[in-house]
Amino acid sequence: MAYKFIDNYREKGARKKLVKHLESRGIQDANVLKAIAKVPRHYFFDETFWLQAYKDIAFPIGDGQTISQPYTVAYQSELLHVKKGDKVLEIGTGSGYQTCILLELGAEVYTIERQENLYNRTIQVLPYMGYNPNFFLGDGSRGIEEHAPYDKIIVTAGAPFVPEIMLMQLKLGGILVIPVGDEKSQKMVTILRVGDNDFERIELDTFRFVPLVGDKAW
């Protein structure tokens, strides 16, 4: 694919418009909006499709996956309440766009992707952009136990249920944000770990994600 690694006034202006749009949709976290304004989303698009990069839409990136809609990325990021230095596990690296937003928020990111083609692309593109998370190739539905516990966990694919193995990888006081439902639509769910085996769960708005595939999912 022919990627466009140029970020000039036109692209920066498009991001400013995107931020204003997200504010109009209810995104309030100033740090999330600042991150959206900084990360060049067009870097994740073939140059042929540049005009799609700053529309508030999801877009195919190959292997049956999509780069998430900016509103969805901002929505999930806001729910995480990321603090600088937080250890964050991202399930589903995908394009790497959400990963970059988490890094801009000051997180130490562990990100896992099961699609080898996407993994091979992101391990090249993100460092080129100056972003260096901890990359892993494998079944994200199981989390990454060897590096647990995490302050926050974000799942960027729709799950049929909340995998218990992920809950056990949260620190006390940690937050999990995961879309849960069927293959057509999911409710965004936030879970707070308040005790060793005690969790508080809140169901929020409806979204549509690609399926979370793995041993502890579809």
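Helices are taken here as DSSP runs of H or I of at least four residues, numbered from the N terminus. In this predicted model, helix 5 covers residues 116-129, and Gly 130, which lies just after helix 5, takes a positive phi of about 100 degrees. Helix 5 itself has 14 residues and reaches 20 Å from its first C-alpha to its last, a span close to the 20 Å expected at 1.5 Å a residue. Its buried residues are Leu 118, Tyr 119, Thr 122, Val 125, Leu 126 and Met 129, and the elements against which the buried residues of helix 5 pack are strand 1 (59-62), strand 2 (65-67), helix 4, strand 4 (108-113) and strand 5 (134-137).

Helix 4 (residues 97-104) also packs with helix 2 (residues 30-38), at an angle of about 125 degrees and with the two axes 9 Å apart. Because of that angle, helix 2 is oblique to helix 4, and the crossing in which helix 2 passes helix 4 is right-handed. In this contact, Ala 35, Ile 36 and Lys 38 of helix 2 meet Tyr 97, Ile 101 and Glu 104 of helix 4; the residues of the contact divide into 4 nonpolar and 2 charged, with no polar residue among them.

A further packing partner of helix 4 is helix 3 (residues 70-80), for which the angle is about 40 degrees and the axes lie 11 Å apart. The crossing of helix 3 and helix 4 is likewise right-handed. From helix 3, Val 73, Gln 76, Ser 77 and Leu 80 meet Tyr 97, Gln 98, Ile 101 and Leu 102 of helix 4, and the residues of this contact divide into 5 nonpolar and 3 polar, with no charged residue.

Two local features of the backbone concern loops. Most residues other than glycine have a negative phi, and most peptide bonds are trans. His 81, although not a glycine, has a positive phi of about 50 degrees; this residue is placed in the loop between helix 3 and strand 3 (87-91) and is partly exposed, with a relative accessible area of 47%. A cis peptide bond, with omega of about 5 degrees, joins Ala 148 and Pro 149, and Pro 149 is placed in the loop between strand 5 and strand 6 (150-155).

Notes
Residues numbered from 1 in each chain as written. Predicted model: local features only at pLDDT ≥ 70, side-chain atom pairs only at ≥ 80, totals over all residues. Heavy atoms only, no water. Axes fitted to C-alpha atoms, helices over the stretch in contact; angles between N-to-C directions. Parallel < 35°, antiparallel > 145°, perpendicular 65-115°, else oblique. Left-handed = near helix turned anticlockwise from the far one by under 90°. Contact = heavy atoms within 4.5 Å. Nonpolar A, V, L, I, M, F, W, Y, C, P; charged D, E, K, R; others polar. Expected span 1.5 Å × (residues − 1). Buried < 20%, exposed > 50% of the residue type's maximum accessible area, 1.4 Å probe, protein only.
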